[in-house]
Every structure is written in structure tokens, then in C-alpha cells.
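Take a look at the model below. We will go through it step by step, starting with one chain.

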Amino acid sequence: MITSNPFAELAAVIPPAAMQAYIILMFLLVVIGTILDMLHKKSGQYFFENSKKAKKNATRTVSAGEKGAIAVKTLAKEVLTSGEFANVKRRISHLLTMYGFIIFVVTTVILIFALRTPDTATSTTVPMLWHLGAAMLCLGGYWFWFGIRVDVASEGVKWYQLNGRGDLFIIGLLGMATFALLWSFTMGSGTLNTLFFVLFIAFSTLLFGSVYWSKFAHMFFKPAAAFQKRITKADGSRENLPAKYDLTDPQVQAKFPDIPTYMGTRPPNMGPGIKREAPNHY
Amino acid sequence: MPTFVYMTRCDGCGHCVDICPSDIMHIDKVTRRAYNIEPNMCWECYSCVKACPHHAIDVRGYADFAPLGHSVRVDRDEEKGVIAWRIKFRNGQNDLELLAPITTKPWGKHIPKLSDVPAPSKTMRDSQLLFNEPKYIRMDEGGLHTLESNGLVMKEGVYY
């Protein structure tokens, strides 16, 4: 079941060219939606102005090589491992959803565009990955929906209460992944299968067509924000934040005599403080 | 001036919501980021600013400690047990950094066990001092600290 390509069976009803056209249409919708979103929120302008401000406050110039290294670090920490999340549960759920989405989308494109290639037609790995991606998306997504969704925890919003635009993205993702799996698992069972397929396409269209209104575009501007945050640390502007001091440094101790007076010359690690308790909003 | 949130920094973790004494930091239902729901009820206690792990909350400081247009930012490093402030004037020249201890012992340990402390005597009850009042806030060396006792003078246009 999970080793067969569901799109191969679909090809008997819908011509592969139509499936390919749909994928291209969805891609175009994402591009257009992201551009409109950027224009509407002026996020491009915001980043440009922020970087100008940072440059003005910079104490040193960051070389192109250093910028490259920072980009690699941003990619390794913030992008690939969702390192910005302080909450471990949210981080794991985000990683599941993110990788599930990437695997699902990439394998869908492979399955549809290389449908006629003999290697793909007989391959069992790609369909398995397609199912795995959808399952990961469901696992991370439903965990988020029932347990981590901010409003569920803080405002007492029940799981069945929809939140308009705020939930558009996650609803699109969950609907797409859930009905994709159901459609694949009910292959050959007539009306039910057709219904799941229609819902799968409807939720996919909702997900990719609602970029302007949903938070889909965060996958483009979040890495940019993380990169800029690292640049401000490297160029010394630090967004006007104070420096991180080494308390054992004699120069720091001479400048701030309260430190050695009250804490000694080698202050111990004081532990996590308020972060000993995860926030629960009440 | 009340607190405001840099949306690109906030990840909606909720530390500010938990700590706000006025209960006015909330999570926006659409964007899932924190925001101040009632700016005119914010009395700039800086609790949320210090609690934010991403430095996503900022406050425009009043003119009573630096001319308007300045930036005042804070970094509360709990593991080191210090708080660092940076006040930068709008001309960019006057750039002041301060560092002060916020604890001398690890967090959550050494909590005084008040039930083990002997009951206060009559003299202690009649005294104006608080329980366990530290020496440095008692007025053993005289009365209240004033400008005069500290050799300071009021300057027109600066202090009043």
C-alpha cells in the first residue's frame, strides 16, 4: 500500500499533463502570494531599513567571507534544526512538520513529473517517502493543533474552534496530508476514494493559494530575520543591546566593581532562573 | 512609553504573558506573536522586556533618565546572575553600559525556611524594622538620604 505510487493509478483518470499543470499552478500561486505578502507587509523594506540602521551603528565591517560563514551557521542552526525555538516541544513539532512538508512536496513532484520514467514507475522508495512525509506532517501538525497551539494553551480556545486567518496555514497543511494518506489508503474503493481525493486537492489548493493571507511566507522571511540577527551581533551594532560580559575578566571586574564585591571573582553558574518553569500563560 | 514587540524576533513562547503583572501582554490570535493589548495600562516595569529570551520587546524610555530619542535596552542573564543595561543617546555619542548582580546564589536554592525561624520577640514586633531587614537599607547612620546629605543641589531644567 505504502510502496505503490498513488498518482500512477490516478493517471488512468486524469492525464499526467493535467497533474503537472496543477503542480506548476500551485508553484506560481506560492510565488505570487509571497510577492504580494511582501509588498503588503513591507517586510522587504523593513529588513532593508533595519540593515541600514545596523550598518550605521556598526563598530566593525563584516567581510563577505564572514557573511558566508554566518549564512552557513544560520542554515545549520535556525533553518535546518529550528534552533530559534526555546521550547523543546515546539521545536520537535516544527521539525516534524517542516521535514514532513519538504519530503511530501519533493516526492509529489518526483512522482508526478517522473511518472513515465521506468525507474520511478517501479520504485518503492519514493512512494514510501511520500507516505512518510505525509505521516510526519500529520504527527507534528496534530501535536501542534491539540497540544501546542498558542491559543489552546493561553486563551482557552478549544481544538474545534477555528481562528480564521491564524489557522489557515496549519489547516491547509493538516487537511492536505491527512486526505492524501486517506486517499492513498482507500485506493480502489470507489466513491470514498474520490471524496478523499477531492478533499486532498481542495486543501492543497487552500494551502498554496492562501499564501497572501496565511503564514506560509514565514519560511522565506524567518531565515532572513535569523541571518540579520547574527549579522548585528557580528558587526557590533547588536541592535543596541548591551554586550555579553565575561564576569571572570579582570577588566570587566574593574569597570563594574559590584560584580567581584557581591559575587566574587569567579561567579558560579546560577542556573536557569525563571526558565526552570515553562510558560503556561496562567 | 509602553512596551512594543518586534514581530520578527518574537516566537510566541509566552514568557511575557506569564510574567506581566498587569496581564496586558497577550498572544495575537492571528499572528501568534505577543503584543501589548492595553498600552495605556503599561507602567514600564520592564518585566516582559527582561523575561523575553529573544530580546523581542522594547520600551521607549522616558526623558527623566536620558533625552528623548534614546535607546534603553536590557539583557538579563540568569545563568550568570547579572543584568546588563545599555543606554544610548540619540546622537549615538553618549553610550552607557551598566552591569549589576541580580543574585549571589543559584536560583531556587537557599530559600529561607520561615517556619524554622523563632517567633519574633515583643521588642522586634514593636520595632519599625521589617523582618530580617538588611543593614544596608536600615537608617543606622542617620535619617533619610537627601540631596543635601549627599552634597547634591537641584538644578533647574534638570531635576525640576
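Predicted model: local features only at pLDDT ≥ 70, side-chain atom pairs only at ≥ 80, totals over all residues.

The secondary structure of chain A comes to 13 helices and 0 strands. Helices (H or I, at least four residues) and strands (E, at least two) are DSSP runs, numbered from the N terminus. Read along the sequence, the pattern is α-α-α-α-α-α-α-α-α-α-α-α-α. The radius of gyration of chain A, taken over C-alpha atoms, is 24 Å.

Residues are numbered from 1 along each chain as its sequence is written, while chains are lettered from A and ligands numbered from 1 in the order in which they are written.

Chain A is divided into domain 1 (6-238) and domain 2 (246-276). These bounds come from an automatic or database domain assignment. The centres of the two domains, taken over C-alpha atoms, are 43 Å apart.

Now look inside. Buried residues make up 25% of the 282 residues in chain A. A residue is buried if 20 or more other C-beta atoms lie within 10 Å of its own, exposed if 12 or fewer, and partly exposed in between, with C-beta atoms placed from the backbone. A nonpolar core is a set of buried Ala, Val, Leu, Ile, Met, Phe, Trp, Tyr and Cys residues joined through C-beta atoms within 7 Å. The largest one has 29 residues. Among those with the most contacts inside it are A:L137, A:M176 and A:A180. Helices α5 (88-113), α7 (125-148), α9 (165-185) and α10 (191-209) of chain A each give two or more residues to this core. The largest share, 10 residues, comes from α9(A).

Which residues does A:A180 touch, not counting those up to four places away in sequence? They are A:A134 and A:F200. Apart from this core lies another, of 25 residues, including A:L247, B:V17, B:C48 and B:L99.

Strands β6 (residues 82-88) and β7 (residues 95-101) of chain B run antiparallel, joined by 7 bridges. Two strands pair if DSSP finds at least two bridges between them. Their hairpin has 6 residues between the strands, and B:G92 takes a positive phi near 80 degrees.

Note on methods: Contact = placed C-beta atoms within 7 Å. Rg over C-alpha atoms; globule rule 2.2 N^0.38 Å.
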